[in-house]
Amino acid sequence: MRLVLASGNAGKVIELEQLLADSDVHLVAQTQLGVSDAEETGLTFVENALIKARHAARATGMPALADDSGICVDALGGAPGLYAARYAGTHGDSAANNAKLLRELDGIPSERRQAYFIAVLVVLRHADDPAPLIAEGRWHGRILDAPRGNGGFGYDPLFLPDGYDVSAAELDPALKNRLSHRGQALAILQQRFAELA
Ligand SMILES: O=P(O)(O)OP(=O)(O)OP(=O)(O)OC[C@H]1O[C@@H](n2cnc3c(O)ncnc32)[C@H](O)[C@@H]1O
Ligand SMILES: [Mg+2]
């Protein structure tokens, strides 16, 4: 089964390809097919995931998988949340986003730095599919005082997963995929892939 992956985020593409490496699902990143990024005008992760999947399915005529994700920090009322990719103003500027997150949490002690990553994955069989497959995962932890590690992407260097003494950017990539919001959501989705036939 060939699916267009409706994401322009190289970190997500790598993780999702790895997660599906042993399956019969073959992902083709939308950038490889010349598909531009969709405008994320939704007010929820699920709406944005549907917008992105529909955009890629329409542009390519292929079934599409989209991932809308973010990080929600309790002490900031859930911010950056839906706006994680553009928290500091420029879409996808991880260094600036991470610096802003540290500034916003300046002086807040570790016991009040709880946060979770969330991912909503959507599969549309075609652009007008009225019955998308939808799955959500959440990964809980806290925000560090300073970045740690070089793996992963985005907010990973600032995220200390519950139960671990290393940041998400210091975890082995396979372990991150087993634990993460994205890995959890994909496991749910895979149980439903059979319905795609
Ligand atoms: O919309 P696409 O094209 O998929 O790519 P994007 O980077 O814009 O992705 P989102 O709109 O879903 O925004 C999610 C942001 O949340 C962050 N994020 C999501 N999952 C993450 C993870 O596993 N590790 C670190 N940061 C993550 C990262 O900064 C993303 O840019
Ligand atoms: Mg985006």
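Visitor: Why is Asp68 called buried?
Guide: In this predicted model, Asp68 has 26 other C-beta atoms within 10 Å. A residue is called buried if 20 or more other C-beta atoms lie within that distance of its own.

Visitor: Where is Asp68 found, and which residues does it touch?
Guide: Asp68 is found in strand 3. With residues up to four places away in sequence left out, Asp68 touches Phe45, Asn48, Ala49, Lys52 and Val120.

Visitor: Which residues carry the UniProt feature "binding site"?
Guide: The unreviewed UniProt entry places that feature at Glu39 and Asp68. These positions are spread over 30 residues of sequence, yet they cluster in space, with a largest C-alpha distance of 12.2 Å.

Visitor: Is Glu39 buried or exposed, and how do you know?
Guide: Glu39 has 10 other C-beta atoms within 10 Å. The term exposed applies at 12 or fewer, so Glu39 is exposed. Its place is in the loop between strand 2 (26-29) and helix 2 (45-60).

Visitor: What makes up the surroundings of ligand 1?
Guide: Ligand 1 is surrounded by 24 residues, the closest being Ser7, Asn9, Ala84, Ala85 and Gly154. The shell divides into 6 nonpolar, 10 polar and 8 charged residues. Strand 3 (residues 64-73) gives the most to this shell, with 5 residues.

Visitor: How do you know that the buried residues of helix 1 lie on the same side?
Guide: The buried residues of helix 1 (residues 10-19) are Glu15, Leu16 and Leu19. They cover an arc of only 95 degrees around the axis, which puts them on the same side of helix 1. Among the elements covering these buried residues are strand 1 (2-5), strand 2, strand 3, helix 4 (173-179) and helix 5 (181-192).

Visitor: What makes a set of residues a nonpolar core, and how many residues has the largest one here?
Guide: Such a core consists of buried residues of nonpolar kinds, joined through C-beta atoms within 7 Å. The largest has 52 residues, and those with the most contacts inside it are Ala53, Ala64, Leu65, Leu121 and Val122. Its largest share, 10 residues, comes from strand 5 (residues 114-124). In soluble globular proteins, nonpolar side chains tend to be buried together.

Visitor: Which residues does Leu121 touch?
Guide: Beyond residues up to four places away in sequence, Leu121 touches Ala49, Leu65, Asp67, Ala135, Ala185, Leu186 and Leu189.

Notes
Residues are numbered from 1 along each chain as its sequence is written. Chains are lettered from A and ligands numbered from 1 in the order in which they are written. This is a predicted model: local features need pLDDT of at least 70, side-chain atom pairs count only at pLDDT 80 or more; totals for chains, interfaces and linings use all residues. A residue is near a molecule or strand if its C-beta atom, placed from the backbone, lies within 6 Å of it. Helices (H or I, at least four residues) and strands (E, at least two) are DSSP runs, numbered from the N terminus. Ala, Val, Leu, Ile, Met, Phe, Trp, Tyr, Cys and Pro count as nonpolar, Asp, Glu, Lys and Arg as charged, and the others, Gly among them, as polar. UniProt positions are given in the numbering used here, feature names are shortened, and annotations may be inferred rather than shown by experiment. Two residues are in contact if their C-beta atoms, placed from the backbone, lie within 7 Å. The arc is that of the directions from the helix axis to the C-beta atoms.
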